[in-house]
Amino acid sequence: MEARRHSALKDSIRSIPDYPKPGIVFRDITTLLSDPRAFRRAVDSLVHPFAGGRIDQVAGIEARGFILGGAVAHQLSSGFVPIRKKGKLPHKTVSIAYALEYGTDEMEIHVDAIKPGDKVLLVDDLIATGGTACAAVNLLRQIGAEVVAACFVIDLPEIGGAQKLRDLDVPVRTLMEFDGH
């Protein structure tokens, strides 16, 4: 039953070849989000292992992590904390730089978004290289969070990002895998 449910979820993902550049297959979750049953099933599947446990905050990575993370936080009766690109948050922030394929970027969080010792669940739509997710974990830890796990709808295991999170002692939950980049 579980395999059939995840197969239906996988079928709700649109694959767009050669986007954003040749050789890349973009995994578009907007088709999953627009399907009420698939969206509900994805959120329920992300929440399930943590239901009944203590999760103080769900942190979502800009931008699709906001959609999924907000829904997960609601289901867990937890708060939601956005992790945004530099310059997008109005209050005092803490930031971290991280490497991109060509160059660097920065993300930030409000300095008072997490209390020391808060149990935080990190949520985003997809884990590929792990650069953004690892930076988010380090940012959360920098302000005192205990990162309980990181959850993603999609894993691209050949790229190795989920393993990088596990190497940081962060359990990883994904709902499906796709081959390639």
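First, a word on the source. This is a predicted model. Keep that in mind throughout.

Let's start with L9. Find it in helix α1, which covers residues 2-11. Is L9 buried or exposed? L9 is buried, because its relative accessibility is 0%, and buried means under 20%. What does L9 touch, beyond the residues up to four places away in sequence? The list is L32, A38, R41, A42, L175 and M176. Look at L175 on that list. L9 and L175 are 166 residues apart along the chain, yet their C-alpha atoms are separated by 8.3 Å. K10 lies over the face of F178, 4.8 Å from the ring centre.

Now helix α3. Helix α3 takes in residues 36-47, twelve residues in total. From first C-alpha to last, α3 reaches 16 Å. That is close to the expected 16 Å, at 1.5 Å a residue. Which residues of α3 are buried? They are A38, R41, A42, V43, S45, L46 and V47. What caps the N-terminal end of α3? D35 does. A side-chain oxygen of D35 sits 3.1 Å from the backbone nitrogen of R37.

Next stop, D28. D28 belongs to strand β2, residues 25-28. With 9% relative accessibility, D28 counts as buried. The side chain of D28 makes a polar contact of 2.8 Å with the side chain of T30. Setting aside neighbours within four places in sequence, D28 is in contact with I13, R14 and I16.

On to the rings. We describe a pair of aromatic rings by the distance of the centres and the angle of the planes. How many aromatic pairs does the structure hold? There are two. Take Y19 and F26. Their ring centres are 5.4 Å apart and their planes meet at 90 degrees, so the pair is edge-to-face. Y19 is partly exposed at 46% relative accessibility, and F26 is partly exposed at 24%.

Then there are F66 and F80. This pair is edge-to-face too, with 6.1 Å from centre to centre and 80 degrees between the planes. F66 is partly exposed at 24% relative accessibility. F80 is partly exposed as well, with a relative accessible area of 29%.

Last, the cysteines. How many disulfides are there? The count is zero. The cut-off is 2.5 Å between the sulfur atoms. C151 is in no disulfide, and the nearest cysteine sulfur is that of C134. Both cysteines are tucked away: C134 is buried, with a relative accessible area of 12%, and C151 is buried, with 1%.

That is the tour. Questions are welcome.

Key. Residues numbered from 1 in each chain as written. Predicted model: local features only at pLDDT ≥ 70, side-chain atom pairs only at ≥ 80, totals over all residues. Heavy atoms only, no water. Buried < 20%, exposed > 50% of the residue type's maximum accessible area, 1.4 Å probe, protein only. Helix = DSSP H or I, 4+ residues; strand = E, 2+ residues; numbered from the N terminus. Expected span 1.5 Å × (residues − 1). Polar contact = N/O pair within 3.5 Å; in protein donor to acceptor, adjacent residues only side chain to side chain. Contact = heavy atoms within 4.5 Å. Phe/Tyr/Trp six-rings, centres within 6.5 Å; stacked < 30°, edge-to-face > 60°. Lys NZ or Arg CZ within 6 Å of the ring centre and 35° of its normal.
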